[in-house]
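Open the model in your viewer and keep the selection panel at hand. Each stop below tells you what to select and what you will find there.

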Amino acid sequence: MQVQTGYLNKVDGSSHYENKSVKVICSVTGPIEPKARQELPTQLALEVTVRPAIGVPTTREITLQDKIRGVISPIICRYKYPRQLCQITLQILESGEEETLFNVKELIGCINSTVFALIDAAIAINSIAVGVSMAVMGDGTFIVDPSNEQLKKSVSTHALVFQLVDGSKVVENVLLLDSFGNFDESTLFEVLEYGEKHALSLAKDFRKTIETKIKKDLFM
Amino acid sequence: MPLSVAEKSYLYESLANTPSIRPDGRTPYQFRPVEVYTDFLPSSNGSSRIIASDGSECIVSVKCKVVDHTVDDDVFEIGIDIANERDDSLIVESITSLFNNVAQGIDKENLRLTKRYSFKIYLDVLVLSSFSYPVSLISFGIYTALNSTYLPKLISSFDDLEVEELPTFHDYDLIKLELKVPLVFVLAVVKDNIFVDPASNETEVADNGLIVSWTNGKIVAPIRTIALNDTFTKGFTPKLLQEGIKLIEKYANDIVRALEAL
Amino acid sequence: MSEVITIVKGKGSFQQTPLSNDSRYESDDEDVYMSDSEAQQNNEDLAKSQIVTPGELVTDDPIWMRGHGTYFLDNMTYSSVAGTVSRVNRLLSVTPLRGRYSPETGDHIVGRIAEVGNKRWKVDIGGKQHAVLMLGSVNLPGGILRRKSESDELQMRSFLKEGDLLNAEVQSLFQDGSASLHTRSLKYGKLRNGLFCQVPSSLIVRSKNHTHNLPGNVTIVLGVNGYIWLRKTSKMDLARDSPMAGSSGSANGPTGATSLNPTQNVSITRLEEESSWQIYSDENDPDISNSMRQTVTRYANVIKALAYCEIGITQERIISAYEASMAYPNIGSLIERENMEALGADIINAEKMRGNGV
Amino acid sequence: MAKDIEISTAEAQFIVGALKERYRLDGRSFDEFREVKIKFGNEYGDVMVEMGETKVHVRISCQVTQPYEDRPFEGLFLISTESTPMAGPQFENGTNTSGDEVLISRIIEKAIRRSGALDVEGLCIVAGSKCWAVRANVHFLNCDGGFIDASCIAVIAGLMHFKKPDITVHGEKVIVHPLDEREPVPLGILHIPICVTFSFFNPQDTEENIKGESNQEIAIIDATLKEELLRDGVLTVTLNKNREVVQVSKAGGLPMDALQLMECCHKAYSIIERITDQIINQIKEDYKEREKYKALLSSENARDAS
Amino acid sequence: MSRLEIYSPEGLRLDGRRWNELRKFDASINTHAHLSDGSSYLEQGNNKIFTLVKGPREPSQRSQLDQSKATLNVTVNITRFSKFERSKASHKNERRTLEIQTSLVRTFEKNLMLQNYPRTVIDIEIHVLQQDGGLVGSLINGITLACIDAGIAMYDYISGVSVGLYDTVPLLDINSLEENAMSCATLGVVGKTEKLSLLLVEDKIPLDRLENVLAIGIAGAHRIRDLMDQELRRHAQKRIANSSKK
């Protein structure tokens, strides 16, 4: 995983996220003055836009937007910003999967890059969200960050997002579980467990990236 | 711009009088003068521009195309465009539907070319401005535009069901299109009075409005009431409806004569 | 002529070319100009008033001060509009042929309330911008001498609301050319008992008096902005023309000049009386007769006919046109173009005759 | 636009004042085009172009579809440009009808699509029923001026870089071979249009511009965002190496002397020559880089085929 | 089409003009006094265009209010019947229409003295009844005339014309048949200067021919300016003669 924050300079926060074959740019603008219809009296309004690498946005992107909003909302301290707006725009450069069949890797890529962009924009968050994409193969093996070919051969795919607290050492909640394909209950729990472990190790990378960023910002 | 209360009551009382006193002194059956230009669009088969004395203006183009009516017998299409109104605005849609309704009254046989082919007429109306409900204006525009329409003369045979070829036309001979679309009139009701062609200040105070269509010496569909403003709309007695119809029956011929005399 | 409708075939410049019938011009041929006769006429007229068009050099003499309708670079003064050059003292300006009404201080205008705002009304006077009528610039019920209170601010709509017509005087102009109005005289205020009509403002000539009592018991308020109100003559209207008003000196007629001091015409007690709520009433007088309404209609049509013929509108012309219009017993026939033209021609001829007579 | 970016009067005066002294904020000369950085992604037709802080990403894609009824022998080619707040606060989601955005998309359209840079007849598979639809998605990432120039470079570089899957036609049936099965085919590029944008400033009064003879107007190449916001007029010239003017757009703005505009066109030519070469070379290098691995991987298959 | 000869060896064009001839140019102003503050009707060849100028007037929306100058809006209504073949869809929201509108606003923003009319809005409404090539140039001419009629202060005329390039011959003021058959440039020229407010080239023209095309375009635009000027003066004479009645 490679993340570069502050990739764009015309927005308040941004990140360029690359993980294997997924490449996403996220920008965060806010808190800004909302339009009248967007304004919420007590909390921050979120406008999430996902733009596909190819073609115009369809219902697929709208579904992605909704899922991202669902994950991001609980980690932002929204009551700190009443009557204000935060625009989150995601541009997918490479989806790493066949868009017509899957949206696991894109979804996870979007969520992870959004977290970085939010931190870059200095929007207050209460915890971080870490996403993991997984595929369960026919032989029962679990693959994290599967390739397009592996996705195609898999029996089920899973997008998992965990809310991490306490110095990102403890998993507090599952923010998103998005599974497709054939699997039974026990597999699902195994997937969750496996994903959780991976998320915790990923979180270390997250923190390292953020620490480097902050150090750089501080000593610039 | 709305009128003041005092203006409205003055107008209303004048119009409610017996006989009514219209703000420009017209009789109940008197229309405002109009000015008409025809046949000024060489790339259309017929055209007219009609300007009312208050500056309301509408332009009509007639274009036609040869179509296979055995495939599609919808040979008359009207598009209405009102300046400064969106195509999906209420007024554009309601007027378009009214005229589609009016077009039901035309005789499609007149557009028949051969057993297989017909002329398809595309009527495009552009209302540049209207200070009162523009349907009469549009209707006069359509009438004069069609009246100025000349179509190529057919030289191939009428019976072409077995023939594969498209109809052929004379190189320069044209024949006049004989297609009469009903005229549509707007009448306004104030108390016990009904009068034709209400001006903008009259529509502002009218209790109700009436749309009456007429062709070939008789009243035809559609006839409907129409709210001319949103403050004064009230019901009216059937007697007034009768009176309105009589008014049109009596004077519509004068209009046609004037339109034809151009 | 049909009594039902007149439909005429359009004439004028829509189809035929007014300019020239030969259809093409060569770009490298410099002498395509108007036919001789026209050119001659140009020269004659040019002598009277110099016509300039945008971008044209008006003068290269630096002595002139540059007024409206011009711009300059170094010594050169150019025209920015199409119109006639006017030189007043050392001020050079170009008067455009057309344009919206531009208010001047002291203008008597008729306006329509467009918006009720914070302590002010916005009034449509047919200008480039709405005029402003401040709450403090109107007479309020209870006399002009009382203070405006907060409750007045809250009930501004009960005095004047959107759509209401009023006549007023332009009190001052703002930097951007928009007008501030006042109605602090009894001859100004809400308009009732009549009919509104509108003509191009260029047809109204600024004069001392813009309210006239006309034959037939009709009073006209000829707004300088081209908005016109025709109404039944009221007692007030009559009082204004009564000798009493005249006694205070010929210059003190009901003109804009003395309008801030209405007590010369009306006693202070009358003023108190008139300043009651009634001045903002929406009710018309109950006794407007049919013949009165017909007279008002006839005047309205006569004015439209004058405007149609682009004849300047004055009290004298309205009256003489009104008299001439009696030849048409059917008032409705006055909306016909031929009749309007005939009426216009009558007026011009009558004036020529009179001119010759003198 | 959602929000106009405003420049304070003091800064505006400083920038324009500096221009009068022939200085630009970033130290460039008036005729200097920013360095163009072109990066290719993993896929064919994935291009990122950077000019200073301006970043534009283009992705070319294709699919088999039906040709237009009135053009049975041509494939489809579509350029879609949509901006989001990502590029800057002046852009809004969903509304691409502001003047600037319409002009950007129309100029790119005219420069590349209308000018026939892509051989659309080569996209025809079965006349009247099957053809390729090539799509260029332009993603505006960061706007620091010069969107048109950067997008145009990105789109044309993308088209040149892109390869479409090979196909086999059996009557009406079309078999599309995946990229790993058969070597994909490049698109037919008929010429390489490049846009150069000039921004004009009037250091004097409007009167001097209209009536004066001095022709003191300033023309700078490849303005940054701040310069764009302050300019009085703009000209975008599109040229190719065949010395053809592909498109010129000066949609109003400060009136400029025709000879000065001609001079701009000539200046633009030397720039487009350079950029064209850069694109061609970089694509060559990128292909070489890919071939290197491919040669290693496919040596076995090559033997099989023989 | 191939049968038609765009430019014959004798030097004649499809409609019989020579290379440097303008089409019939008939203009009139003040055609819609009831509807607008300024109006014009223009026939440039078979282009038939109404232009209405409304304002300067009070803005209906607060967002249109600019403290320092008038806000200029241009809407171009290209009717569905304006071409020989009736168009299937309305042109109102087409990108090309939006582009034309933006270009016209930007052309006239620099030429009208909008700073003289702060806090107002000027709406220009154009109806294209018929089009036959060189549309943008004709729109410019229509607006210039209508704005002058409205008495809106401007620095100078802007006149528009299109020039085609047939092989090496520039053809002035092209019609739609010519427009479809060759590359062309549209110019908006300020007064009698050589300054271009607008320049649009939408198809390929050899760089070394462009100057020649511009030169003939400028000459044509100057001629059009004179024709517009004549109409204005003619109209002015008439009005002044009339106003003696006042």
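**Before you start**

This is a predicted model: local features need pLDDT of at least 70, side-chain atom pairs count only at pLDDT 80 or more, and totals for chains, interfaces and linings use all residues. Residues are numbered from 1 along each chain as its sequence is written, while chains are lettered from A and ligands numbered from 1 in the order in which they are written.

**Stop 1: chain B against chain C**

Select both chains. The contact takes 35 residues from chain B and 38 residues from chain C. Two residues are in contact if their C-beta atoms, placed from the backbone, lie within 7 Å.

Now colour α1 (5–16), β1 (34–38) and α5 (238–260) of chain B; these are the elements that give two or more residues to the side touching chain C. Helices (H or I, at least four residues) and strands (E, at least two) are DSSP runs, numbered from the N terminus. The largest share of that side, 6 residues, comes from α1(B). By class, the side has 20 nonpolar, 8 polar and 7 charged residues. Ala, Val, Leu, Ile, Met, Phe, Trp, Tyr, Cys and Pro count as nonpolar, Asp, Glu, Lys and Arg as charged, and the others, Gly among them, as polar.

Zoom in on β1(B) and on strand β1 (residues 7–9) of chain C. They pair in the parallel sense over 3 bridges; pairing requires at least two DSSP bridges between the strands. Val34(B) stands opposite Ile7(C).

**Stop 2: Val94(C)**

Select Val94(C), in strand β8 (residues 91–96) of chain C. Is Val94(C) buried or exposed? Val94(C) counts as buried because it has 28 C-beta neighbours inside 10 Å. The cut-offs are 20 or more for buried, 12 or fewer for exposed, and partly exposed in between, with C-beta atoms placed from the backbone.

Show its contacts beyond four places in sequence: among them are Val52(C), Val58(C), Val81(C) and Val85(C).

**Stop 3: two domains of chain B**

Colour domain 1 (31–180) and domain 2 (182–261) of chain B separately. Domain bounds come from an automatic or database domain assignment. Their centres, taken over C-alpha atoms, are separated by 24 Å. The contact takes 18 residues from domain 1 and 23 residues from domain 2.

Finish on α2 (90–103) and α3 (135–147), the elements that give two or more residues to the domain 1 side. The largest share, 7 residues, comes from α3(B).
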